[in-house]
Amino acid sequence: MTGQMTGQMIGRMTRRVIGRMIGRSWGRPEHAMPAISLLLVLAAFACSPLLSGRPLEAFDVYNASQGFAQLGLLALAIGITMIAGEFDLSVAGTYALGGMLAVQTGAHSPVMGVLAAVAAGAAVGAVQGGLIARLRVPSLPVTLATYIALLGLTYTMSGGLSVTYANADATLWVDQQIAGVLSPRSLLTLVAFLLAAVVLGGTKLGRELRAIGGDRRASRVAGVGVDRRIVGIFTLSGTLAALGGALLGYSYASANPDPGLQPLILAIVAALLGGVSLAGGRGAPLGLLAGTLSVALLAQIVAVTALPDFSTQLLYAALLAVIVAVESPGLRQAIERLRARRTGSTAMTPSQGGRP
Amino acid sequence: MTAETGAVAADGSARRWPPRVVTAGLAVILLALLLIPAVTTPRFLTLDNARAILASAAFVGITSVGATMVMIAGSGVSLATSQIATVVAMFFLGTQHLGLGAALLIALAAGVALNAFQGAVIGYWKADPIVLTIAGGFAIGGAATWFSGGTTVYPGARGFEVLNATPLGLPLAVYVLLAVTVVVEWTLRRTTAGRQMYLVGENRAAARAAGLPVGRVTVLAWAVSGACVALTGVFLASFTTSATVTLGGTLTLDAIAAVLVGGTAISGGHGSAVRTLGGAVLISVISDVLLLRGYSTGVQILVKGVLVLTVVLVVHVRSGRGRR
Amino acid sequence: MSQPERGGPLLRVEGLAHAFNGVPAVQQVSFTVGAGQIHGLCGHNGAGKSTVVKMLSGQLAPDRGRIVIGGETVELRGRQAAQRAGVALVDQELSVVPALTVLDNMLLGDLGVPFVNRRRAAAARCRRILDDLGLERIDPDQPLSALGIGERQLVEIAKALGQNARLVILDEPTATFSDAESRHVFAAIRRVAATGCSVVFVSHRLAEVLDLCDVVTVLRDGRDVATGPAAGLTVDELITRMLGETSHRPSAARGPAQDPAHALRIENLRVPGRLGGFTLTAPAGRVHALAGQLGSGASDVLRALAGLHPGATGTAELRGRPVPLRDPVRAARGGVAFVSGDRKSEGLFLGKPSAWNLVATRLPALGRAGVLRPGHERRAARALAERSGLPGERLDDPVGTLSGGNQQKVFVGRCLENADVLALLLDEPTRGVDVGGRAAIHRLLRQAADSGLVVIFASTELEELLELGDVIVTMRDGRMVGRHEGDVDGALLMRDMTGGAEHA
């Protein structure tokens with residue numbers, strides 16, 4: 001009797017905790033998005049031997065987790081700004097800058113390189129956040145400009161060429177296998193997600209983050225220090241992106257002055273699959289984690305099954321199309337309209353027939 | 001403006017400088033700041049250099065003039081521009097054997113159709129432009145790779161070389177850029193549809209409640225923009241005489257940068273095609289000056305970023321918008 | 001009523017002034033509020049009420065003057081500073097976040113809430129505060145977006161009253177409430193005041209102010225012109241002080257019914273969850289009023305006819321031609337012009353000149369083959385400005401810089417003199433409009449009806465309903481309750497609208 005009750009209680013508690021961490025109610029499709037997409041992709045990953053003809057190995061999982069590490073911090077960075085209703089395109093620039101700085105300054109001491117990258121990322125983020133908060137500028141054009149400027153900066157630093165990283169020890173260390181499937185790099189990324197989940201789920205910061213994204217004016221009136229939070233959010237996104245870039249630079253043993261838009265776009269896809277909406281106010285770190293894992297696994301599935309490259313692109317397009325369909329208010333209205341027309345016409349018939 | 005206090009403040013009689021004058025003044029100061037180093041640069045004030053500037057502004061300029069219309073109509077930005085330009089270029093070169101006219105028509109139709117479709121989803125379904133165009137970019141890019149087999153598309157005939165002509169020493173693309181600017185500006189200022197674009201961009205909910213054709217207006221803006229992207233794609237294809245999946249390059253962001261430097265607000269309802277033309281030329285001028293003075297590509301990109309940032313901030317502060 | 005002058009003054013405002021870009025909004029305002037006192041702040045639009053509230057709540061810094069709270073001069077730089085000084089606010093605009101739950105909203109921004117979440121304690125407190133306001137039906141874990149506007153407003157009030165503040169400011173808190181809800185809120189305000197907390201109450205509803213407040217301060221043109229006990233004051237006296245002269249109440253003219261063929265026939269109009277089976281025939285020439293509180297379905301009738309409810313079903317016919325539902329563009333083409341109750345977000349193009357706004361819906365008619373004709377457009381805008389009583393020199397100014405009354409004139413003027421418009425539907429036609437502007441708008445609507453338009457408006461204000469409505473249709477819970485023509489008194493309407501017997 002009591003055992004059953006505690007069991008029920010524990011069940012309810014876990015549901016509640018998980019629900020809160022991932023983003024509340026499971027009832028609506030946009031809230032279930034991260035879990036559904038992750039489960040689907042996991043299932044596909046498990047089924048991939050059917051197509052490739054060889055069983056999955058730990059190495060495949062390791063590769064997926066490396067892909068996760070490559071994307072994760074960038075996705076977390078942009079995802080958090082998206083929850084707050086902002087959109088930090090400059091993370092792609094900070095990512096490049098972080099890699100370049102770490103590779104150039106961290107030849108002797110990798111830690112120094114990471115610190116330099118993180119400091120630069122934080123500084124760039126803080127300045128941007130300050131501008132956006134103080135002047136109330138939409139973040140897209142500002143961060144786009146910063147992205148271009150940062151790209152120019154990395155070009156200037158490297159003379160437009162890839163810079164190699166000579167410290168082979170660091171390269172080996174960040175990618176060494178842990179438990180067969182993880183590496184310090186992916187572990188660090190995972191820790192960042194969990195840390196974010198604990199902090200945002202357990203303190204008032206999570207509430208304020210979603211409030212700022214949900215209704216900026218109301219948050220201000222309610223007494224949330226919106227401006228300070230926004231500076232913080234952009235500082236955080238800059239830091240995370242630079243850290244991600246630095247780790248990637250070490251892993252590749254080189255830094256590319258222009259990684260292109262691909263990492264950014266994938267990070268946005270991960271955030272969107274993770275249940276974050278561009279309108280802001282929705283999403284949580286664990287959802288972002290699920291979204292990022294989905295994207296990383298998807299890339300690995302395509303690699304394992306040796307599908308042509310473009311199929312990844314088409315898959316992403318299909319997934320985003322689902323998001324567009326779920327989130328577009330107009331589509332919901334169109335369906336409602338259609339339903340109304342049908343019920344309207346059926347309702348009309350008897351009443352007209354009933355007339356003398 | 002929030003609440004009645006704003007209305008009270010502005011309803012009073014005290015007048016300051018009209019915003020238009022201030023904006024113009026700022027533009028003059030900015031130009032002076034840029035032009036002084038320019039004219040003191042050796043070889044800057046030569047006809048050849050002017051041609052080079054215009055020529056380099058033309059490709060991105062054509063796309064950005066079209067993108068202005070999308071931004072004014074309140075749909076923000078398209079992130080699928082490069083991919084559409086690439087696909088159009090492939091269509092254009094792949095259909096050269098049908099003759100230049102037919103190939104041009106097919107290319108334009110492809111650009112218009114692809115963009116108008118995205119515009120329809122945004123206009124009628126209120127989809128988020130960024131999410132939708134990322135999806136569109138993936139779909140178009142993926143399909144392009146699929147159908148081209150990831151290889152380079154070479155033309156079956158050389159009819160397109162007419163487009164590389166340089167009447168009066170200027171590339172044809174420059175004339176097309178000017179013509180496109182005039183047409184777009186005229187559409188925005190003098191037609192019902194153009195006015196409606198400003199209104200929809202200013203306040204979409206109000207436009208809907210007023211019974212304005214929000215969907216149709218949005219589709220039109222995207223279609224025009226698609227035609228512009230297609231023109232850019234056609235010129236890119238003619239210029240490079242072959243098309244690969246990476247042909248579009250950095251067109252997407254370059255075009256947005258030019259629109260922003262032209263002072264168009266990303267939130268919609270304000271802006272002009274002529275100013276975008278100015279933005280595109282300004283970016284070219286700066287790159288040119290830096291190039292002539294021996295600065296690297298990196299510095300050119302860096303300065304471009306700083307320029308975009310400056311203009312965005314100045315325009316925003318001047319118009320006093322975006323108070324949420 | 002609670003007792004006036006309990007303890008010393010808690011809030012003292014001395015010579016407060018604030019100007020926007022050199023234009024004074026508040027010039028010289030002083031008053032004191034005793035501990036436990038409920039203090040009313042009255043004044044018509046532009047008198048400076050909101051500016052005073054913004055200064056008291058830390059959203060604006062005064063140019064001159066002092067704010068003294070509990071004997072200490074305070075400088076309120078920002079909402080957080082104001083909260084630290086013990087000031088809680090219910091803003092004029094709804095200021096809760098739909099993306100959060102009720103509980104999260106109650107905790108948001110509250111300085112007393114610890115950094116690390118303590119859910120159990122917070123939930124218990126939230127429950128207690130909600131119960132105090134008669135909100136037993138609201139679950140703290142519900143997302144706010146699941147609640148109606150009125151309930152969201154109640155949550156915001158609950159939040160402010162629950163913050164253990166020394167001073168609670170309520171700026172137009174009851175605008176969306178039914179009588180029953182107002183009663184609950186007033187009882188809660190009195191309870192909070194009885195604990196020694198001071199309350200500043202700002203409202204357009206003067207009867208409410210007199211009912212609730214101990215003392216009333218009247219503002220006019222940015223100055224306090226009178227302060228005195230509310231007891232013994234009448235609404236008319238209050239209006240006289242607000243305006244400086246007695247307000248003129250035009251006698252309601254009952255227009256003649258015109259050709260019955262020129263009517264709007266609504267049959268069995270339904271909106272799922274909002275409106276159930278509404279039928280009405282509104283002939284042209286008479287002004288029809290839909291009387292109903294928020295949620296009664298009155299404004300949903302108008303929105304459905306304007307095509308803004310995608311789920312609406314039923315039929316509507318205007319001059320014998322069917323009006324398409326569910327599509328605003330086709331509704332407009334069918335002759336329906338809709339003036340939303342939310343002028344800012346769903347009405348005007350605030351950043352665009354008044355002239356553009358006036359002609360926004362008739363562009364095709366003013367152009368030729370899709371090309372605008374600036375001369376025609378200019379003339380049309382001038383004529384409309386004159387017709388709607390808008391100062392002609394403001395035509396080129398962004399409409400957002402006009403006063404509320406002038407904005408509304410632009411909004412209504414946009415629908416006039418337009419051959420395509422056969423029916424004019426207005427939701428709260430004078431919300432946020434000063435007394436003078438209100439009379440002008442009423443005149444415009446009367447003229448529109450006389451010129452042969454079908455005019456239907458929805459309102460929650462009894463005075464407006466009685467003044468303007470030739471036929472008054474009362475609504476409650478998505479259904480029509482009664483239809484009144486000719487003489488009818490406010491009490492009867494109120495009974496219809498609020499379900500009379502149950503509450504009264």
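**Entry 1: a hairpin in chain C**

I began with β19(C) and strand β20 of chain C, residues 479-485, which pair in the antiparallel sense over six bridges. I keep in mind throughout that this is a predicted model. The two strands, β19(C) and β20(C), form a hairpin with two residues between them, and in the turn I found C:Asp477 with a positive phi of about 50°. Looking across the pair, I saw that C:Arg476 stands opposite C:Arg479 in β20(C).

**Entry 2: β19 of chain C and its other partner**

I then asked which strand pairs with β19(C) in the parallel sense. It is strand β13 of chain C, residues 287-291, and the pairing runs over four bridges. Here C:His288 has C:Val471 in β19(C) as its bridge partner.

Next I looked up how covered β19(C) is, and noted that six of the six residues in this strand, 471-476, are buried. In a regular strand the side chains alternate between the two faces of the sheet. In β19(C), I listed C:Val471, C:Val473 and C:Met475 as pointing one way, with C:Ile472, C:Thr474 and C:Arg476 pointing the other way, and all of them are buried.

**Entry 3: another sheet in chain C**

I turned to an open sheet of four strands in chain C, whose order is β12-β11-β14-β15 with antiparallel pairing. Its edge strands are β12 (275-283) and β15 (321-322) of chain C, each of which pairs on one side only. For β15(C), I checked the pairing with strand β14 of chain C, residues 313-318, and found it antiparallel over two bridges; within it, C:Leu318 stands opposite C:Arg321 in β15(C).

**Entry 4: a helix in chain A**

**Entry 5: where chain A touches chain B**

Last, I looked at the contact between chains A and B, which takes 43 residues from chain A and 42 residues from chain B. On the side of chain A that touches chain B, the elements giving two or more residues are α5 (110-135), α6 (139-158), α10 (216-222), α12 (262-273), α14 (310-327) and α15 (329-354) of chain A. Of these, α6(A) gives the most, with 13 residues.

Key:
Residues are numbered from 1 along each chain as its sequence is written. Chains are lettered from A and ligands numbered from 1 in the order in which they are written. This is a predicted model: local features need pLDDT of at least 70, side-chain atom pairs count only at pLDDT 80 or more; totals for chains, interfaces and linings use all residues. A residue is buried if 20 or more other C-beta atoms lie within 10 Å of its own, exposed if 12 or fewer, and partly exposed in between; C-beta atoms are placed from the backbone. Two strands pair if DSSP finds at least two bridges between them. Two residues are in contact if their C-beta atoms, placed from the backbone, lie within 7 Å.
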